[in-house]
Amino acid sequence: MFTAGQLAWVGVKAQPAQAEVSFEAARIQALHQHYQSVAAFSAQGRLVEAEAELRVIVYTCREVFGKEHPDTLTSRSDLAATLAGEGKYAEAEKENRAVLEIRQRVLGKEHPDTLLSRNNLAMTLQEQGRHAEAVREYRAVLEVRQRVLGEEHLETLDSRNNLATALNDMGRHAEAEKEHRAVLELRERLLGAKHPKALASRNNLAAVLQEQERHAEAELEHRKVLALREKVLGGKHADVFMSCFNLALCLEAQAKHKDALVFMERAQEGFKKGLGERHPYTQAAEDCQKRIAAEIKK
């Protein structure tokens, strides 16, 4: 957002005798430092602290640049993403809608930033179980990206992936599976089989297979994803814990309760440390852990 070049330029323009300009330069330097803190907190999964820093950034950007400046809108979009990461989906939706309205009016409906905002809005709708609304938004973004960017552009593939996840949530599993397989093939060819986005596609394919009760196929895919994520991302990454959660559910569905409990406990502990005790993922893992443990005791 604020590059080193931008900050250096401001520093050159701010002469010691010009108090007002120097004050603005100092505020921009402070913004840069706040963003460094956000990056550090986000990387560590400390989303509550990242949110606090982002709220300071949003306020300062409005004061320095104005409410419709691209940097202000970017900071609000980042705040919305962090809120969604904390499970505060209604707040994230409100923020995304506000940013989308401004970007549509100022930049136009087909600008990349506008499409990104619309995609982010769809994600918050999906997380709230409003799948039909999410599908409508994803399709609108996909149509533009296919036409403007082409079928194999990475952002087009992101849209196809997101649409497929929403279709799966609606129960349209065969349609979702077809999309996920197509996106997986393209991502592996363009990015490589170990790329995080390729792994996300394989994970999503496994989820579709699981929804269709093809548990053996799903388990195989989940184990592949988990092994590669551990190798590429490290054992403490949030995506690794999500793979543990998904694999545990798949094992539970096959009555492999002891193995399922091992992976669910790992997921629950990872979510708790990274996202906090009250996050929806942490609570879901805890509930599943208790249910699986009860099955073992029967």
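The crossing of α5 and α6 is left-handed (the near helix is turned anticlockwise from the far one by less than a right angle). This is a predicted model, where local features need pLDDT of at least 70, side-chain atom pairs count only at pLDDT 80 or more, and totals for chains, interfaces and linings use all residues. Residues are numbered from 1 along each chain as its sequence is written, and side-chain values use heavy atoms, with hydrogens and water left out. Helices are DSSP runs (H or I, at least four residues), numbered from the N terminus.

**α5 and α6**
- Helix α5 (residues 89-107) packs on helix α6 (residues 112-127) at about 160°, with the axes 9 Å apart. Axes are lines fitted to C-alpha atoms over the stretch in contact, and angles run from 0 to 180 degrees between N-to-C directions.
- The pair is therefore roughly antiparallel (an angle over 145 degrees).
- Contact (heavy atoms within 4.5 Å) involves residues including Y89, N96 and L107 of α5 and D113, L121 and E127 of α6.
- By class, the α5 and α6 contact holds seven nonpolar, six polar and six charged residues. Ala, Val, Leu, Ile, Met, Phe, Trp, Tyr, Cys and Pro count as nonpolar, Asp, Glu, Lys and Arg as charged, and the others, Gly among them, as polar.

**α9 and α10**
- The axes of α9 (residues 173-191) and α10 (residues 196-211) come within 9 Å and cross at roughly 160°.
- α9 and α10 are therefore roughly antiparallel, and their crossing is left-handed.
- Among the residues in contact are H173, H180 and L191 of α9, and K197, L205 and E211 of α10.
- Eight nonpolar, four polar and seven charged residues make up the contact of α9 with α10.

**α12 and α13**
- α12 (residues 238-253) and α13 have axes that come within 8 Å and cross at roughly 155°.
- α12 and α13 are therefore roughly antiparallel. α12 passes α13 in a left-handed crossing.
- Residues including F241, F245 and L249 in α12 meet residues including F263, M264 and F271 in α13.
- This contact of α12 with α13 has 15 nonpolar, two polar and three charged residues.

**Second largest pocket**
- The second largest pocket holds about 180 Å³ of space. On a 1 Å grid over the protein atoms alone, a pocket is an open set of points where a 1.4 Å probe fits, with protein on both sides within 12 Å along at least five of seven lines.
- Its lining has 14 residues, with L47, V48, E86, L275 and G276 nearest the centre. Lining residues have an atom within 4 Å of a point.
- α3 (47-65) and α13 (257-275) each supply at least two lining residues.
- The lining of the second largest pocket divides into three nonpolar, four polar and seven charged residues.

Definitions and conventions
Grid points are joined across faces, edges and corners, and a volume is the space filled by probe spheres set on the points. Angles under 35 degrees count as roughly parallel, over 145 as roughly antiparallel, 65 to 115 as roughly perpendicular and the rest as oblique.
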